[in-house]
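Please read the following points with the sequence and the 3D view side by side. They take up a few local features in turn.

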Amino acid sequence: MAKITVDGIVYEVNPQNNLLQECLSHGLDLPYFCWHPCMGSVGACRQCAVKQYRNADDKIGTVVMSCMTPASDGAIISIADAQAVKMRSSVIESLMISHPHDCPVCEEGGECHLQDMTQMSGHNYRRYDFKKVTHRNQNLGPFINHEMNRCIACYRCVRYYDDYAGGKDLAALGAHHHVYFGRQEEGTLESEFSGNLVEVCPTGVFTDKTFSEHYTRKWDLQTAPSICTGCGAGCNTTPGERYGTLRRIVNRYHHDLNGYFLCDRGRFGYGFNSSDNRITEASLVSSHADEKGVRKPLTQQEAQRQFDALTAGDVVGIGSPRASLESNLALRARVGVKNFYAGFSAEQQRCMQAVIAINREQGLHCPDIRTLEQADCVLVVNEDITNTSPRFALALRQAVRNRAAQLATDARIPLWQDAAVRELAQNELSPLFILSPQGTRLDDVATETFLSTIAQQVALLSAIANTIDASVGTAATDEDSAEQARRIAAALISATKPTIVSGTSAGSEALIHATANVARALRKYSVQSAAINLCFAMPEVNTMGLALLMEEGGGTLDEALQRLARGNADAAIVLENDLSLRTTPAAIDAAIAGTDSGSAVWVVIDQLHNSFNARAQLLLPVTSFAEQNSTFVNYEGRAQSSHQVFPADAALRPGYEWLTPHDPLSPLLTTSETILFHSAQTLAAFAGAEKLLPPRTGMQALMKSPRQLHRYSGRTAMHAHSNVHESKQPTDRQSPMAFSMEGLSLQKDSSLLSAAWAPGWNSNQAISKFQDEINGELKQGCKGVHLLQRTLPPQSAMAVNSAKAGKKGTFVVYFIDHIFGSDELSAKSPAITARSVGPYLCIGKSEATALGLHQHGLARVSNGDHVVELPVLIRQRIAAGAVGIYCGAEINRHLFAGSVSVAPVNEDDNVLARSRQMFSDLIINDSLINNSESGRG
Amino acid sequence: MLRLIKDTLISQVVTLWRVFVHAFDKTDTVEYPDVQPQMAARWRGRIILSRDPDGEERCVACNLCAVACPVDCIALQKAEDDEGRWYPEFFRINFSRCIMCGFCEEACPTNAIQLTPDFEMAEYVRQDMVWEKEDLLINGTGKYHDYNFYRVAGKKIGGKDKGEARNEAPPVDVRSLLP
């Protein structure tokens with residue numbers, strides 16, 4: 001620890017950091033633009049000027065940029081010095097010379113870093129009388145608005161988009177005062193992380209287009225800490241509501257997980273909440289003879305009565321990996337363990353059992369996202385993480401820069417010297433190996449991408465394990481793959497933090513075991529017997545939570561459907577689950593036929609209409625993540641609380657309220673807190689989960705945390721059109737938060753950080769006021785509770801059955817996921833729909849030529865029993881002998897698992913034009929696509 | 001005796017005289033509502049939404065009036081036309097809560113919301129004191145005749161391209177290297 005003196009007060013600092021970072025860490029107000037806690041310093045904006053003195057006798061001092069000056073021991077600086085103050089106010093005055101008179105019509109207004117810094121620097125009147133520079137805007141797609149006039153040229157956008165997130169299509173264009181931040185030509189921003197520009201840009205150049213469509217100022221949003229439901233990563237978010245609809249999602253800092261950034265699925269995939277597809281009322285299919293099959297709406301009380309009456313007997317309950325832990329627990333409690341079945345597909349459930357066992361094994365470690373960023377050698381197995389668990393991909397883009405960090409440390413360059421570190425490292429990257437059936441979006445930073453089918457990957461992984469530890473796995477059969485295995489093994493062995501990332505989306509248990517075997521073999525070389533990092537991405541928000549619950553007993557989905565097909569139940573309750581995504585149509589049809597013959601009923605509790613729940617007799621509407629308190633377990637086994645943001649429409653109830661028998665004498669039995677507390681006491685898998693519940697001591701026991709900022713407006717007018725007599729604010733009996741602006745002040749207690757705000761800091765940059773130091777932990781926030789303990793002793797490598805090869809003349813199928821479209825709920829959000837594509841077939845160039853398929857033409861795909869016609873996408877980078885199928889919402893992936901044959905179909909020009917249009921929206925790192933179709937370089 | 005008369009009687013007579021003289025003074029009572037009072041132009045009464053000199057709605061739905069309002073009696077929602085102009089989808093003032101403080105007028109960056117000298121707003125039913133945009137919007141500029149926010153702001157709207165606002169240079173050609 002070093003000591004520095006700021007305006008006569010001595011502070012303890014870390015000499016590795018710069019002065020700006022340390023001043024902010026100690027809560028001092030110092031304006032800045034180009035510096036960002038995640039991106040280091042470049043000294044471009046000159047806004048953070050302070051006075052530095054050589055020693056105690058130096059009374060004159062020199063003005064320095066605090067972001068470019070190390071916080072060395074004994075430094076004496078002054079923020080309040082008159083010259084430094086003058087310098088900062090002159091700088092902001094120059095930055096504002098061409099800033100338009102736009103604030104009232106700017107989406108950033110009220111949470112604008114530029115507004116905050118202008119106030120802080122004391123500039124208030126434009127003295128410059130000459131013309132303002134103006135720019136034309138670009139249409140950057142359905143997510144981001146562009147208003148280039150507002151730019152102050154801090155370069156943060158390109159430093160984030162290009163340098164941090166690896167984007168290629170946003171650049172600083174033009175020269176001198178014509179400098180322009182945009183694309184070479186108008187078009188959708190390609191990066192899957194473009195949404196973070198909204199928060200990274202300190203002004204209103206990049207704003208959230210979906211938010212602008214129903215815009216509300218930050219101070220008018222009702223917000224609560226929430227968890228993203230886009231995938232199983234468990235990123236922390238802050239959704240905001242006004243007038244009863246969800247308006248936007250912004251990032252909520254979590255030290256271990258998402259840090260400052262979200263992916264675009266998480267940020268823009270909230271629109272399904274108020275989409276037309278939403279189930280808004282309970283309905284029952286009439287059983288009267290004269291109006292058979294007619295669906296009749298029910299009031300909430302009628303629906304509950306019908307539900308209780310219909311499900312009185314022997315009931316099958318099918319859980320869901322996208323429903324909250326509480327809802328699953330309530331369903332299990334209602335139907336009993338014997339009648340509780342998982343809502344996974346069969347292969348998914350087997351994979352999850354394997355993953356949980358691996359996550360319990362000592363000697364391995366499941367890295368959080370921050371740990372992923374620190375890996376110095378990464379092996380990605382099969383999972384296309386950019387599309388299934390996108391935040392991982394952003395972390396791996398940082399991991400490959402650890403080579404640069406190493407070089408800089410050796411050259412004694414501080415890591416915050418961003419430009420210097422990049423200049424030094426040039427294109428040097430840490431090793432990243434990818435095994436994948438097709439080219440991935442991470443290929444541009446990968447050392448090598450091995451295009452291989454699952455069977456080839458299993459063989460290669462065995463060979464890698466064998467190269468690392470000869471007692472494990474099987475050696476490669478041919479010299480090529482032996483050489484590949486040696487290269488990967490050598491990189492993994494020489495790394496200090498080797499990390500292996502895979503996932504369950506392929507549904508291959510063999511692959512999971514083969515992947516784990518590599519990690520197990522690596523333990524021999526681990527530095528100071530540190531655990532080897534190994535993690536598996538999860539497709540849905542609570543996949544791990546449901547899998548843990550299944551550890552406590554219960555059957556599989558297949559067993560449930562077979563039992564229903566036999567007519568061996570009085571009713572089936574399906575909780576938030578579209579079973580047509582989990583199994584074949586035949587299995588569902590058989591189950592429905594079985595229940596029909598036995599006059600059993602299907603009760604489906606869900607958020608959105610789909611083809612499956614249209615067949616249910618009783619359909620119950622359920623609240624979305626923003627309308628209920630819930631707990632979700634992420635891929636690490638970390639349980640996190642997601643708080644209700646706003647009261648739902650009266651017809652909607654959380655799943656656990658529908659499912660828990662209502663007892664008027666003790667209404668508290670149905671709260672999420674009680675359910676969680678009860679399960680923590682009774683189920684071993686959830687031991688410790690009660691630590692998520694808010695403390696009932698001190699101030700928190702007496703006061704609730706407000707969901708509204710202190711300047712929430714319009715309280716006496718927002719409902720006045722329906723009734724001028726203001727009703728009481730809705731009370732929240734369930735959670736430690738209130739639907740109010742009153743309660744514990746954020747400055748006193750930020751354990752429930754509804755929105756980052758501090759005096760003088762209206763933008764999201766206010767988060768530094770809630771961190772114990774810059775990039776540190778939140779002072780009071782809850783990081784979640786780890787449910788998985790490493791209790792199993794280290795296992796020796798498991799024998800792996802390699803997958804069967806396909807018949808001659810057929811292709812091995814792998815399924816493609818897309819960040820926009822593969823997630824069931826977010827896919828129904830308008831902005832995400834605008835970016836998603838329909839189902840298609842992906843095939844290699846030589847195979848396509850041999851079969852006579854044309855780019856964007858049609859192909860007939862058949863596995864003997866089922867046939868489908870799909871548009872063709874010919875890609876250069878695809879494993880030999882494999883074809884990819886993107887199913888979208890239209891095709892059941894269980895029908896085409898295994899191998900298929902492909903044949904051309906005579907297509908007309910309309911079909912070609914339609915599919916060409918569709919593929920033009922698809923962004924793939926593949927020279928064949930990008931060059932031929934959209935001209936992107 | 002004389003002293004008694006001087007101290008009391010004269011005082012009485014003078015008082016009577018003064019009362020009599022007041023009978024010819026100008027009356028202070030205003031015959032409202034038959035006679036309408038003259039209100040100062042700066043009087044803070046009924047709130048209106050004005051239009052700019054081109055006849056377009058001045059309000060850009062920036063929400064500053066709502067946030068300035070100490071009794072939170074203004075609620076509105078931003079909407080945007082096809083060419084980028086912001087306007088309120090609805091704009092509601094609950095006059096049964098309004099205290100006529102005028103903070104909204106001070107906060108308004110476009111001179112849209114203005115307080116007028118009209119104070120005749122009593123209603124028998126409280127619900128009738130909730131005014132919507134249709135009730136508030138007038139067909140004129142109100143007290144400020146010349147100001148048009150969009151002629152100053154940099155944002156492009158229908159009828160005003162980039163570079164056409166006050167003190168703006170034409171949009172730059174990014175591909176030019178000329179100074």
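1. Tyr160(A) and Tyr164(A) are separated by about one helical turn, because they stand four residues apart in helix H4 (residues 156-164) of chain A. Helices here (H or I, at least four residues) and strands (E, at least two) are DSSP runs, numbered from the N terminus.

2. Before going further, note that this is a predicted model, in which local features need pLDDT of at least 70 and side-chain atom pairs count only at pLDDT 80 or more, while totals for chains, interfaces and linings use all residues. Residues are numbered from 1 along each chain as its sequence is written, chains are lettered from A and ligands numbered from 1 in the order in which they are written, and side-chain values use heavy atoms, with hydrogens and water left out.

3. A search of the whole structure gives 25 aromatic pairs over all chains, where rings of Phe, Tyr and Trp (its six-membered ring) pair if their centres lie within 6.5 Å, and planes under 30 degrees apart count as stacked, over 60 as edge-to-face and the rest as tilted. Among them, Tyr160(A) and Tyr164(A) make a stacked pair, with 5.9 Å from centre to centre and 25 degrees between the planes. Both tyrosines are buried, a word that means under 20% relative accessible area, whereas exposed means over 50% and partly exposed lies in between (1.4 Å probe, protein chains only). Tyr160(A) and Tyr164(A) also belong to one aromatic cluster with Tyr253(A), Tyr260(A) and Phe261(A).

4. Phe272(A) and Phe625(A) form a tilted aromatic pair, at 6.3 Å centre to centre and with 45 degrees between the planes. This pair links distant parts of the chain, 353 residues apart, since Phe272(A) lies in the loop between helix H7 (264-268) and strand E15 (282-285) of chain A, and Phe625(A) in the loop between strand E27 (618-621) and strand E28 (630-633) of chain A. Phe272(A) and Phe625(A) are both buried.

5. Apart from neighbours within four places in sequence, Gln349(A) is in contact (heavy atoms within 4.5 Å) with Ala342(A), Phe344(A), Met550(A), Gly555(A), Thr556(A) and Leu557(A).
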